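This briefing summarises selected structural features, grouped by topic. Please consult the sequence and the model alongside the text.

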Amino acid sequence: MPLGGVIFITVFVAVFGCLCLYLGRLCGGKKYQDAVKLAPYECGIPGQEKKETRVSVKFYLTAILFILFDIEIIFMYPWATSFKEMMAAGIGAYALIAMMIFIAVFIFGLFWEIKSKALEWD
Amino acid sequence: MGSDAFEITVNCIKLVLVFLLMVQAVPILVWLERRGSGFIQNRFGPNRVGPLGLMQLLADAVKFLTKEEFSPKAATKLLFYAAPVFALIPGTLGFAAIPLGSPLKWGDYTFAIQGYDIGVGIVFILGVSSLAAYTILMAGWGSGNKYALMGALRASAQTISYELALGLSIVGIIMMYGTFNLSEMIAAQQGTMHFQAFGNTIATSWLPNWGIFYQPLAAVLFFAATFAESNRLPFDLAEGEAELVAGFHTEYGGFKMLLFFIGEYGHMMVASGLMATFFLGGYNIPYTTTEQVYQFFLGFVESANAASALTSLAHFIMFTVKLGIFLWIFIWVRWTLPRFRYDQLMDLGWKTMLPWALANTILSALVIFAVSHSW
Amino acid sequence: MRAVKVEHMLSTDIITHVGLNHYLVLSALLFVTGMAGVLIRRNVIVLMMSIELMLNAVNISFVAFSKYLDKLDGQVLVFFVMTIAAAEAAVGLAIAVSIFKRYKEVNIRFFEHLKG
Amino acid sequence: MTADSFLFWLLAAVTLVSGLSVVLVSNPIYSALCLAMSMVGISALFATLGAYFIAGVQMIVYAGAVLVLFVMVLMLFDLKTELATFSRGKISGLIKIATVGTLAGFLAGAFSMSIEFMEKPATKTVVAEAGVDMSRNLGTLLFTKYILGFEALGILLLVIAIGVVGLARSKGGTHAKH
């Protein structure tokens, strides 16, 4: 079972990364800290106190649309693997039409989003 | 993982070796990138330390090591330190799932020249590489710096947007080979071009049986999407210096930065490996099948074990060459194309690549359907 | 019969032989964890995460049944559950965010004032 | 202890601990990250059950998409501020804990009782190890028996995609604050 290998290498890499960090801490130069150095880096300008960042709502709208379309794409995967087998089994035309209806819905959604300017960034 | 202690041990060592292969490729790639960009821009690049500047890698590593360990006050310590460690994981896990050479038959054992042979190869790699978004978000938010946060949000929005085109462009390939398994895909691309159409076999002897000849559009889309996935120029909006300092790793330095570097190059290697596997026949030597190569080596050495080992080695070298070609394209593109604007980037992902990938899927389905009947 | 069963339980069999039961109990524990989250947390986004946890607990039992009853239908259902869960998360977050943008509030108690 | 059971216990522990910390950690961002960890654990558990394709989908959809959305929203709006983590009230808290406890008991009891009826199929040795064949059958099943549900989900996703854009654009309801 490859799962054991996956877990092994994950743990190994994590340990390797931690060791690297530790090594960096061990060999790192002298510690010198003052208020300016510890402040968030803002290209030399004194940082603003409040980190009230006005972020565009587009980011999360993109993320939501990503989820929805991603699932539609994932639905195509099992179909894609079994398409040839379904053709061999004689239900190829049926599978093709079923998928084309699904893709038509997908395309309609995509063009709706483009038309409604949900994907505009400016 | 294996049936007996010997096999398990070998498999574990193999995994570690694959990881080390990935890690040690990073300094070479950095050197290549710096020398290559010097070459492209008609300047020297690092050429002082050692022959051709090769020792520069060592000097850089030592420099990274001696940098002061530092974390800003506003940082959330746990996330700040966890992010670089996690940055290694997606690339490593993905790279270990790519076959690097033909399976080595040694006595009763068969060792796949890859970290692990996962049945659903592509799905696993896609799943693992989608975890990379966490690294970026953790680093950006954990730094407590607004540039870092902005860079992280941009980077993750970009990554997930191009994941759509990436995921959709390979549907045609999965359809064509009828499998998720990378080894089976490579096996299907052996020899010269031949395929079944309208009930009879069509064969040519002047083209290798590579995926790129069946799915050229998918190849372009996939390769473009992987650039965005690995945050490389021309899509490195996450670190547009003019606006965002250095993106989500603004506050990182020293070894932590190095770990991010390894993660990024790991991404590039996974992308190049997948490109080679899907479109250039993986480890196959062009125009030949694995069996032919094995027979060829069997003519030189008597033992089947040695011939199998030599076959694996030849295939591994072939794969490395293909990997190198794509990695070089990554570097080449960096100094050829200008950076996109953010809205252009998103438009390209959603409004151009996604519809084209859809068109590719529909076209592939129709063609496969039409061709498979002898009407 | 009973005594045999008890002895069976006391041996390390329960640790070394993982079966359907183990997966079901794990799924139940996860489900209950998620439910506890729904009941005791106040942040509406954490509530949604707890609901995701509950749905996933159910998915575990689906897949476990699918394996031990040797039928793939369970996996198809998992597929559907995932879709519904993702859709629910998308809509729920959209609502939560639009309320947050307007009222700067993500407390679930606050949402009671929004009725009628 | 065999390798399989060791993997199960390890993954079960990871999943449960991170699941519990989703509920118990007060910072929502940590909650979301713990939930992501838990999802990865669940995905690995699917793999131990031989459902490799579903495991991959779990990684892509949950760990890679849904939770990224959660984390993103939490970071965008910095929602951790000034909010009591747990709901107040001793009595209602007691009732809640009792409810959860009872439900847990019921579930565990129901499972352990129902298991006796299912011992026969449970002992049956199961499907092929390779995950590929499974997912292939999955596709066929999805497109024959569950075709209606499949198309319906396609339309559901379309409706949600349209609705979400409307929601994200909405300027608020009828009950304006000021």
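**Strand pairing in chain B**

In this predicted model, strand 3 (residues 192-197) and strand 4 (residues 200-208) of chain B run antiparallel and are joined by five bridges.

**Contact between chains A and B**

- On the chain A side, 55 residues are in contact with 67 residues of chain B.
- Helix 1 (2-27), helix 3 (58-88) and helix 4 (92-115) of chain A each contribute at least two residues to the side that touches chain B.
- Helix 1 of chain A gives the most to that side, with 18 residues.
- By residue class, the side of chain A that touches chain B comprises 38 nonpolar, eleven polar and six charged residues.

- Helix 5 (residues 73-103) of chain C packs against helix 3 (residues 52-77) of chain D at an angle of about 5°, and the two axes are 11 Å apart.
- Because of that angle, helix 5 of chain C is roughly parallel to helix 3 of chain D.
- Among the residues that meet here are Gln75(C), Phe79(C), Ala89(C), Leu93(C) and Phe100(C) from helix 5 of chain C, and Ile54(D), Tyr62(D), Leu69(D) and Phe77(D) from helix 3 of chain D.
- The residues of this helix contact divide into 17 nonpolar, one polar and no charged.

**Nonpolar core**

- The largest nonpolar core holds 252 residues, and those with the most contacts inside it are Ile64(A), Leu67(D), Leu69(D) and Met72(D).
- Helix 3 of chain D gives the most to this core, with 22 residues.
- Leaving aside residues up to four places away in sequence, Leu69(D) touches Tyr60(A), Ala63(A), Ile64(A) and Ile67(A) in chain A, together with Ala89(C) and Leu93(C) in chain C.

**Setting of Val58(C)**

- Val58(C) is part of helix 4 (residues 44-68) of chain C.
- Val58(C) counts as partly exposed because it has 18 C-beta neighbours inside 10 Å, whereas a buried residue needs 20 or more.
- Residues up to four places away in sequence aside, Val58(C) touches Ser27(C), Phe31(C) and Val81(C).
- From C-alpha to C-alpha, Val58(C) and Ile15(C) are 23 Å apart in space, with a separation of 43 residues in sequence.

Key
Residues numbered from 1 in each chain as written. Chains lettered and ligands numbered in written order. Predicted model: local features only at pLDDT ≥ 70, side-chain atom pairs only at ≥ 80, totals over all residues. Contact = placed C-beta atoms within 7 Å. Helix = DSSP H or I, 4+ residues; strand = E, 2+ residues; numbered from the N terminus. Nonpolar A, V, L, I, M, F, W, Y, C, P; charged D, E, K, R; others polar. Pairing = 2+ DSSP bridges. Axes fitted to C-alpha atoms, helices over the stretch in contact; angles between N-to-C directions. Parallel < 35°, antiparallel > 145°, perpendicular 65-115°, else oblique. Buried ≥ 20, exposed ≤ 12 C-beta atoms within 10 Å, placed from the backbone. Core = buried A, V, L, I, M, F, W, Y, C linked by C-beta atoms within 7 Å.
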